[in-house]
Structures are given as C-alpha cells and as structure tokens.
Amino acid sequence: MPDLAFTLKTTFGYASFRPLQRDIIETSLAGRDVFALLPTGGGKSMCFQLPALHRQGLTVVVSPLIALMKDQVDQLQAAGVAATYLNSSLTSAEARSRLAGLHRGEFRLLYVAPERLMLDGWQENLKAWNVQALAIDEAHCISEWGHDFRPEYRQIANLRELLPDIPVMALTATATERVRDDIVKHLKLRDPAVFVASFNRPNLSYRVLPKDGPLKQIIEFVRKREDESGIVYCASRASTERLAEALAGRGYAARAYHAGLTPEERSTNQELFLRDEVKIICATIAFGMGINKPNVRWVIHHDLPKNIEGYYQETGRAGRDGLPGDCLLLFSGGDIAKQTHFIDEMTDAQEQSVARRQLKVMAHYAESAGCRRRELLDYFGEAFPLDNCAACDNCQEPRETYDGTLHAQKFLSCVYRCRQASRFGVGLNHICEVLTGAETDKIRRWEHDRLSTYGIGKDLTRPEWAAVGRELQRLGYVMQGEGEYPTLELTEEGMAVLKTRETIMLTKPMALPKTRRVIRREGDVECDEILLARLKTVRKQLADERRVPAYVIFGDKTLRQMAREYPEDARMMESIYGMGEKKRAEFGQLFADTISEFLRENPRMQFND
C-alpha cells in the first residue's frame with residue numbers, strides 16, 4: 001500500500017487522517033466499491049481526492065452543484081493537484097481546452113454534473129480517458145426517501161455497464177437506513193464496504209429559544225459575532241428578503257439567497273459570501289448543499305425545519321474546519337401549525353404521511369427537555385455515551401419540571417369526553433379550543449360546549465395547552481393517528497393514569513434567558529487575536545489577487561495556529577495544520593515575514609497547552 005500519510009502531509013498539510021478516512025481510501029485503492037457516510041465536516045472529499053493521486057489514470061467525481069465543483073477544484077489546484085471541472089458555467093473555448101487536456105491525460109480528477117455524463121459523445125470520452133475510479137458525492141440525491149432527491153442521479157447507474165471494472169464510491173453526510181439501502185441499490189454497488197462514522201459534531205453547540213421578536217433576537221445574536229460568517233435559514237423567500245434588508249439597514253453585510261432570484265443574483269451572493277465580502281446569508285433551504293466554506297461560525301433557523309435530516313445537514317454547515325460553531329433554533333408552536341398547513345395541501349397521501357411523521361419528530365426535538373445532541377444522534381441510530389454533552393442549552397441549564405398532574409388530567413379527560421360524546425376522535429387544536437372555552441362552529445355543531453371539560457383550562461393559553469398535549473404524546477399517554485385529519489386517542493397508559501390519577505411530572509416551557517448563556521466551545525484554538533487579524537488581511541489580499549475564497553489560501557485553523565506558534569520562517573511552518581508543500585513554498589515566507597514584522601512591535605503571548 002502506498003505511503004498515504006506522506007501524501008496527506010506533503011500535499012494537503014494534514015498530520016493525521018480523520019476517523020475512517022484511511023480505511024475508506026485503502027479499501028477503494030484495493031478495487032472494492034465503497035459506501036461512506038461521514039458527517040458534514042468529516043472529510044468526505046479526501047476519501048476520493050487522495051487515492052486519485054495514487055492511481056495511474058482519471059478519477060471522475062459526480063457532484064450536483066456548480067459552485068461546489070469550482071470550489072473544490074480551486075482548493076486542489078492551490079495544493080498542486082491536477083484537477084478540473086466541466087459544467088455549464090464554462091465558455092465553449094474553456095470547455096474545449098479542458099476536454100483537450102483530458103484527452104492528453106493531464107488531469108487526475110474531473111468534477112462533473114450527473115446530467116452531463118449522459119450527453120452524446122460522453123460514453124466515448126469516458127472510455128478514452130482511462131477512468132480508474134468513480135466517486136458519487138451527495139449520494140443521498142439518488143433516493144426519493146432522502147431530503148434532496150434529484151432524478152438525474154438515477155442515470156449514474158448506467159456507468160456501471162460502461163465502466164464495469166472500476167471501483168465506485170458513494171458518499172453522503174446524512175442518510176437513514178432506508179436511504180442507505182436505496183443508494184446501494186440504485187447505484188448498483190457490488191458488495192460494497194460500508195463505512196458509517198459517528199454523527200456527533202463535538203465542536204457544535206445547540207440551542208433552542210422561544211421565538212419572541214425574531215429580528216431583535218437575531219440582531220442581538222450577530223452583534224456579538226460581527227466578524228464571523230453565518231447563515232440564517234428561513235421558511236419562505238419573502239422572509240429571507242425582509243431579514244437581509246433589515247440586517248443590511250443596520251450595517252451588517254447581509255444578502256438573501258433563494259430559488260426566486262436569477263441564477264446571476266444567486267451566484268453573485270454566494271460568491272460574495274464565500275469570499276467573506278458578505279458575512280451573513282439569509283436563505284431558504286435552496287442554499288447550502290455542498291457549500292465548502294469551512295469558516296461558517298454559526299447557523300440560525302428562523303423557522304422550524306421540516307425534518308431532522310434537513311436540520312442536521314443545515315446546522316452541519318457551521319464549524320466544518322473543526323473550530324467552534326453555534327446553532328440556534330427559534331421555535332414557536334405557530335411554526336408547527338404553518339408546516340401542518342403546507343402538509344395538508346399535499347396531494348400525495350404517502351408524501352403527506354411521511355411529512356407528518358417527520359414534522360412530529362422535529363417538533364419533539366424543539367420542545368424536548370433532553371440533551372439536544374443525544375436526540376440528534378438517536379434519530380440516526382447512534383447512542384451518545386455521556387449523560388451531559390455540556391454543549392447544548394438543556395445540558396447547561398436543565399429545564400425545571402413541575403407537578404403537571406392537574407393539567408394532564410384535564411387534557412386526557414377532554415380527549416376522552418370528546419370521543420365519548422361524538423363517537424369519533426378530534427385533533428389537538430380542537431381539544432385546546434374546548435379546554436379554553438372557545439366558541440367555534442365545530443364546538444357548537446358537535447355540542448362540545450356541553451361537556452364537563454369545556455372551559456376548564458382557561459388558566460393556560462391554547463399554545464400552552466398544545467405544548468402540554470405534545471408532551472403527553474411524548475410520554476406515551478396520547479397517540480396521534482395518521483391520515484389527513486390526525487386525531488388524538490388515549491393509549492392504555494393514558495386511560496390508566498386518568499383512572500388512577502397518579503402524579504405526572506411535566507417540563508416547564510422554554511423561557512427566554514435572563515442572562516447571556518455561555519456554551520462551552522469545543523475545538524477553540526487560543527491565539528494572538530491581534531496577529532490573527534493581520535494574517536487574515538494578508539490572506540484576503542492573496543485571495544482577491546487570485547479571485548478565490550480566502551479559505552482556498554488557508555483556513556482559519558491554519559491562521560490561528562500561526563498566531564499561536566509565531567513561526568518566523570517558512571521552514572518553521574512544516575507542523576502547521578493545512579500547510580502542504582506547495583502552499584508553504586508559495587505563501588509560507590510571506591506569512592512568516594508578517595509574523596516577524598508583528599513581533600518587532602509586539603511581545604509574544606503565552607498560552608496554556
């Protein structure tokens with residue numbers, strides 16, 4: 001087996017592999033098909049980039065996004081790797097030049113969109129280019145059960161017949177068991193070696209706050225992070241526009257991103273964000289898949305996501321460089337109602353059913369008093385070994401419980417009485433309306449205003465009763481049916497506690513924090529922040545000259561290590577994270593000179609190990 005660690009260090013500047021990377025690379029180089037599930041920031045790209053340097057031929061990488069292709073090729077070229085891409089963004093002259101280079105065998109890696117592989121003439125090209133491996137990035141796009149299904153991905157399997165003897169690697173950052181099976185089946189992987197890394201992102205902190213003037217809450221959040229890049233995810237295009245305008249009006253470099261913008265507007269806003277000209281992107285979920293920006297420091301969800309997979313993927317765009325990232329979800333019970341309304345408008349019954357189940361799990365996460373990290377990992381079938389993650393709101397400030405027996409009795413009794421009186425079940429909203437004594441057509445028509453439970457819950461608001469109802473579902477006392485009109489029914493346990501009146505402890509609703517919470521930030525690299533600012537200026541100048549994002553030159557982690565260790569000569573930079581030989585030769589002395597100049601005017605700082 002070739003010296004993989006040597007290539008990793010000299011080309012990419014990394015001293016060690018991330019979990020599973022070496023195993024995946026060695027298996028692929030041995031000629032076997034591979035399915036790899038690594039979390040966002042887990043180093044998926046390295047799994048096909050490094051073995052490409054140890055193959056005598058071309059590795060074809062199928063990628064769904066133009067921006068991702070350019071980004072990864074820029075980074076590979078900066079590290080001295082012969083890589084290119086072919087997509088619709090190129091002029092015909094550029095495309096011809098690259099095709100000629102491919103015919104001459106000049107490249108080790110080619111990035112291409114799935115639909116391009118099916119164009120006329122491409123089968124002959126692929127046969128002529130000495131293709132030695134095929135990597136399918138964002139492989140969950142092939143499954144209609146995934147959160148980002150793309151029909152054109154189904155065509156990739158045709159390459160199996162065209163290139164029957166080459167190994168295929170499928171990679172994704174998020175996939176349930178069902179989606180994993182779909183990927184293996186539709187890509188026709190042959191007895192693949194399956195690698196599933198931990199979904200845990202220890203450098204991310206998770207927090208949920210009750211939505212209470214979201215613009216004010218977001219401004220308060222970003223005010224403490226003015227020099228950091230972040231993403232705000234919104235449910236609608238209009239929300240992204242309003243929020244971006246409001247932030248820009250207060251002096252923040254913010255832009256909107258959604259499918260309603262022209263391709264040019266989307267491309268410009270994304271490019272400005274990648275280059276740190278824009279610090280904040282307010283976006284719908286149209287933004288982000290394959291965004292390779294490692295220094296996104298925070299992600300806010302202005303609205304409740306539709307499902308846990310999407311939420312995990314979106315929060316995972318923070319802290320890809322291993323440095324700390326903050327994830328904040330603003331939650332309101334009204335968001336559940338909005339999402340439910342969208343689901344009600346779906347025409348496909350099966351889609352509706354899946355969406356309802358997914359929303360229920362997402363709402364459970366938002367309202368849960370348990371460890372956020374444990375909840376996320378549990379969804380993906382992974383057990384979190386610790387009792388306290390120390391990096392989420394519920395672990396840092398556990399929510400109080402209270403004797404909720406009376407509220408539980410009122411709610412359970414109301415479910416029972418409505419069913420008894422009408423001979424059919426009713427939904428959560430109706431139960432809340434009966435408890436609070438609402439005067440609606442349904443209540444009058446069904447004579448539920450004559451029930452003994454009518455109006456007995458005026459001590460709580462309807463949203464508060466809805467939260468009680470959802471917690472009783474989580475505790476297993478009430479179950480919600482499937483179908484277009486999901487009704488509530490008591491479970492056997494619910495009937496039992498209704499009769500015995502045993503004590504039921506409920507969780508107090510989330511409250512707005514009275515003081516600023518400080519969540520422990522795993523992965524922090526303590527350094528000389530004044531020197532770091534100077535190094536970032538040098539990096540920005542180099543990036544602008546080359547018209548690439550700053551992180552293509554060096555990531556934040558590399559600069560922070562320089563600002564901690566003060567290397568005054570390029571030769572002293574060999575141990576710096578992300579410092580491959582080509583980058584050290586090209587940029588090392590310039591950064592070393594900047595550090596020397598800084599030290600002539602400033603003392604070195606001492607840091608704890």
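What is the mean pLDDT of the chain, and what share of its residues reach 70 or more? The model is predicted; the mean pLDDT of the chain is 88, and 95% of its residues reach 70 or more. Over residues 515–520 the pLDDT is below 50, although this stretch has 17 contacts in the model beyond near neighbours in sequence. Where pLDDT is low, the predicted coordinates should not be read in detail.

Strand β9 spans residues 229–233, and because 5 of its 5 residues are buried, the strand is largely enclosed by the rest of the structure. Ser 229, Ile 231 and Tyr 233 point one way, while Gly 230 and Val 232 point the other way. In a regular strand the side chains alternate between the two faces of the sheet. Strand β9 is joined to both β12 and β11.

Thr 84 has Leu 110 in β4 as its bridge partner. Between β3 and β4 the chain passes through helix α5 (residues 92–103), and this β-α-β crossover is right-handed.

| Strand | Partner strand | Bridges | Sense |
|---|---|---|---|
| β9 | β12 (residues 296–301) | 5 bridges | parallel |
| β9 | β11 (residues 280–283) | 4 bridges | parallel |
| β3 | β4 (residues 109–112) | 4 bridges | parallel |

Conventions. Residues are numbered from 1 along each chain as its sequence is written. This is a predicted model: local features need pLDDT of at least 70, side-chain atom pairs count only at pLDDT 80 or more; totals for chains, interfaces and linings use all residues. Side-chain values use heavy atoms; hydrogens and water are left out. Buried means under 20% relative accessible area, exposed over 50%, partly exposed in between (1.4 Å probe, protein chains only). Helices (H or I, at least four residues) and strands (E, at least two) are DSSP runs, numbered from the N terminus. Two strands pair if DSSP finds at least two bridges between them. pLDDT is the predictor's confidence in each residue, from 0 to 100. Contact means heavy atoms within 4.5 Å. A crossover is right-handed if, with the strands pointing away from the viewer, the path from the first strand over the helix to the second runs clockwise.
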